[in-house]
Structures are given as C-alpha cells and as structure tokens.
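Dear colleague,

I am handing over the structure below, and I would be glad if you could look through it alongside these notes.

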Amino acid sequence: MASQVERTLDALPVSIFLKDVHGRFLFLNQRLRQKARLRKEEVAGRTYADLLTPEETEYHTNEDAAILRGERQISTNEVAISVDPEGQRIVRISKVALDDSPWGTILIGALQDITPHKQVELALA
C-alpha cells in the first residue's frame with residue numbers, strides 16, 4: 001500500500017482493515033494494530049481466528065462472505081468484539097466490498113468503539 005495512503009488511514013480516528021477474498025488481512029491501520037497488539041509486519045495473512053473468539057470469528061466470516069458474494073452492498077452493525085486489550089468492546093462496524101483495488105476484490109472495514117456511549121445509554125435507562 002502506498003505510504004501516503006497508509007499515513008492517511010493511520011491518522012483516522014477509527015480502526016480500518018482490508019481483507020482479501022480468502023479472509024486474510026492485507027492491512028490494519030495503526031489504531032487497529034495497537035488494539036490487536038500486532039506490528040505492521042505481522043498483519044499480512046492473519047485471519048479473524050487469530051484475533052477474535054470462535055463465535056466472533058464465525059459471525060464476521062459469514063458476514064464478510066455475504067458481502068463479497070454481493071448479497072449486501074454494505075453492512076453496518078453494532079457488535080461486541082474481543083480484540084481490544086481492555087477487554088470486550090462494543091463497536092459499530094461498517095464493511096463494503098471493493099472490486100477494483102490493486103489486490104482485486106477486497107473487503108474494507110471501519111470500526112468505531114461505541115462502548116462509552118452504550119455505557120451511558122445503560123446508565124440512563
């Protein structure tokens with residue numbers, strides 16, 4: 001990935017990932033690498049199974065497959081994930097397939113931690 005694009009994605013206040021059609025990560029931006037406790041050179045080829053619980057892996061693998069098959073244009077969900085060293089977090093995750101990338105068809109995802117918002121909602125309920 002071009003270094004200027006990487007620097008831009010690393011500067012965003014959300015976690016970003018790119019995956020190939022075989023479910024392997026191509027890229028995690030700096031924010032997501034920190035949460036996953038991975039160095040840049042350790043990312044390529046990893047899968048959800050390397051980062052998430054078996055249940056989370058199954059859910060996200062199925063969701064990604066549906067997007068890549070064209071059953072959904074875009075997916076946005078609020079889900080719990082365990083990749084963060086602080087423990088399970090609630091994230092809003094959006095995913096979309098891109099078919100004209102330098103790697104061919106890829107899945108791009110953006111995660112935003114909404115745990116504090118959900119905690120406030122629960123406290124006010």
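This is a predicted model: local features need pLDDT of at least 70, side-chain atom pairs count only at pLDDT 80 or more; totals for chains, interfaces and linings use all residues.

Residues are numbered from 1 along each chain as its sequence is written, and side-chain values use heavy atoms, with hydrogens and water left out.

The structure holds three aromatic pairs (ring centres of Phe, Tyr or the six-membered ring of Trp within 6.5 Å; planes under 30 degrees apart are stacked, over 60 edge-to-face, the rest tilted). One of them joins F17 and Y48 edge-to-face, at 6.5 Å centre to centre and 80° between the planes; because F17 lies in strand β1 (residues 15-20) and Y48 in the loop between α2 and α3, this pair ties together parts 31 residues apart in sequence. F25 and Y48 also pair edge-to-face, at 5.6 Å and 85°. Ring pairs link F17, F25 and Y48 into a cluster, and the charged end of K19 sits over the ring of Y48, 3.3 Å from its centre (NZ of Lys or CZ of Arg within 6 Å of the centre and within 35 degrees of the ring normal).

D64 is buried, with a relative accessible area of 4% (buried is under 20%, exposed over 50%, partly exposed in between, with a 1.4 Å probe and protein chains only), and D64 touches K19, Y48, K95 and L107, not counting residues up to four places away in sequence (contact is heavy atoms within 4.5 Å). D64 lies in helix α3 (residues 54-68); helices (H or I, at least four residues) and strands (E, at least two) are DSSP runs numbered from the N terminus.

R37, by contrast, is exposed at 54%, and has a positive phi of about 55° although it is not a glycine.

Best regards
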